[in-house]
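I opened a new model today and kept notes as I went. Here is what I looked up.

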Amino acid sequence: MKIIKTLTAVALAACMSLGLVACGQAGDANSSSGTEDASQAEAQTSGEATSEDFYITEITDDIFARIKGKSFKDDCTLPREDLRYLHVLHKDIDGNVHEGEMIVNKHIADDVLDILRELYENDYPIERMRLVDEYDADDEASMEDNNSSSFNFRFISHTTRISKHGLGLAVDINTLYNPYTKVVDGERIIEPITGEPYLDRDASFDYKIEPGDLCYNLFIEHGFEWGGEWTDRKDYQHFEIPDSKLAEWYPENVE
Ligand SMILES: [Zn+2]
């Protein structure tokens, strides 16, 4: 357990109310990113987080009601008990503090909470962290909004095996600026499609994940692999648990 620092009640209240507002407005997220708010600036100056800001819970009935039929699809074969809800704070590129939510597998919940807390405490920018359910579990819409997320149930195409996002064992960070790309039958696929300008990894831009940066280092230290280092495709937003752990935790899900 790390040292828990105290945040003033005023700053905490400001922070929480802002976060609640931010979390309820997935649709107009793009239009609000440039606005500056005095109370937001006030909240960020404290810069210290409490256990009320960073915590893990099981999937309560309230949370389940938000994900059922969306990320927790009707054909979901992963038990609800295998998932955990993470509540965190994160900072955007301007240092504004936001409330973040993420659902991940129980096996990586502590690791991901530690990573997100370290990123927050070191001012590593993450623009948005909402449940993908706020985008009706539409990955493309979530990625175009630069949303960071993990669990979204799906099988690997033409198999009965669950994908790593479907198990909550993969985490995507700052998705618009760190797109996925693969060439299939001579055609380049890019997800999100609006992420095309950010396939130039020599260019300099905000929210870019690179080997050696804090986000990369923390995920690697916690045993994840980075999709930006794959050779048959590139998935710059993507950190996942290696197959060896998958075989240990979900042997029935391995080929
Ligand atoms: Zn991913």
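**Entry 1: a hairpin and its sheet**

I began at a turn: β5 and β6 form a hairpin with 2 residues between them. Asp185, in that turn, has a positive phi of about 50°. A note on terms: helices (H or I, at least four residues) and strands (E, at least two) are DSSP runs, numbered from the N terminus.

The model is predicted, so I noted its rules: local features need pLDDT of at least 70, side-chain atom pairs count only at pLDDT 80 or more, and totals for chains, interfaces and linings use all residues. Residues are numbered from 1 along each chain as its sequence is written.

How many bridges join β5 to β6? I found 5, between residues 180–184 and residues 187–191, with the strands running antiparallel. Two strands count as paired if DSSP finds at least two bridges between them. Val184 stands opposite Glu187 in β6. Thr181 has Ile190 as its bridge partner in β6.

Next I looked for another partner of β5. Strand β8 (residues 234–235) pairs with β5 over 2 bridges, in the antiparallel sense. There, Thr181 stands opposite Lys234.

**Entry 2: the whole chain**

I counted elements: the protein has 8 helices and 9 strands. Of its 255 residues, 38% are buried. Buried means 20 or more other C-beta atoms within 10 Å of a residue's own; exposed means 12 or fewer, partly exposed lies in between, and C-beta atoms are placed from the backbone.

The average pLDDT is 86, and 81% of the residues score at least 70. This score is the predictor's confidence in each residue, from 0 to 100. Residues 1–45 stay under 50, and the model has 47 contacts for them beyond four places in sequence. A contact is two residues with C-beta atoms, placed from the backbone, within 7 Å.

Which residues touch the most other members of the largest nonpolar core? They are Ile103, Val104, Val112 and Leu119, in a core of 46 residues. Such a core is a set of buried Ala, Val, Leu, Ile, Met, Phe, Trp, Tyr and Cys residues joined through C-beta atoms within 7 Å. The largest share of this core, 6 residues, comes from α5.

I then followed Val104. Beyond four places in sequence, its contacts include Leu86, Val112, Phe151 and Val171.

α5 has 13 residues. Its buried residues are Ala109, Val112, Ile115, Leu116, Leu119 and Tyr120. Down the axis of α5 they fall within an arc of 135°, so they line one face of the helix. The arc is that of the directions from the helix axis to the C-beta atoms. These buried residues pack against β1 (55–58), β2, β3, β4 and α7. After α5 comes Asp123, with a positive phi near 60°.

**Entry 3: His238**

Is His238 buried or exposed? His238 is buried, with 25 other C-beta atoms within 10 Å. This residue lies in strand β9 (residues 238–240). Leaving aside neighbours within four places in sequence, His238 is in contact with Ala170, Asp172, Tyr180 and Gly227. His238 and Phe224 are 14 residues apart in sequence and 9.6 Å apart in space, C-alpha to C-alpha.

Key
Expected span 1.5 Å × (residues − 1).
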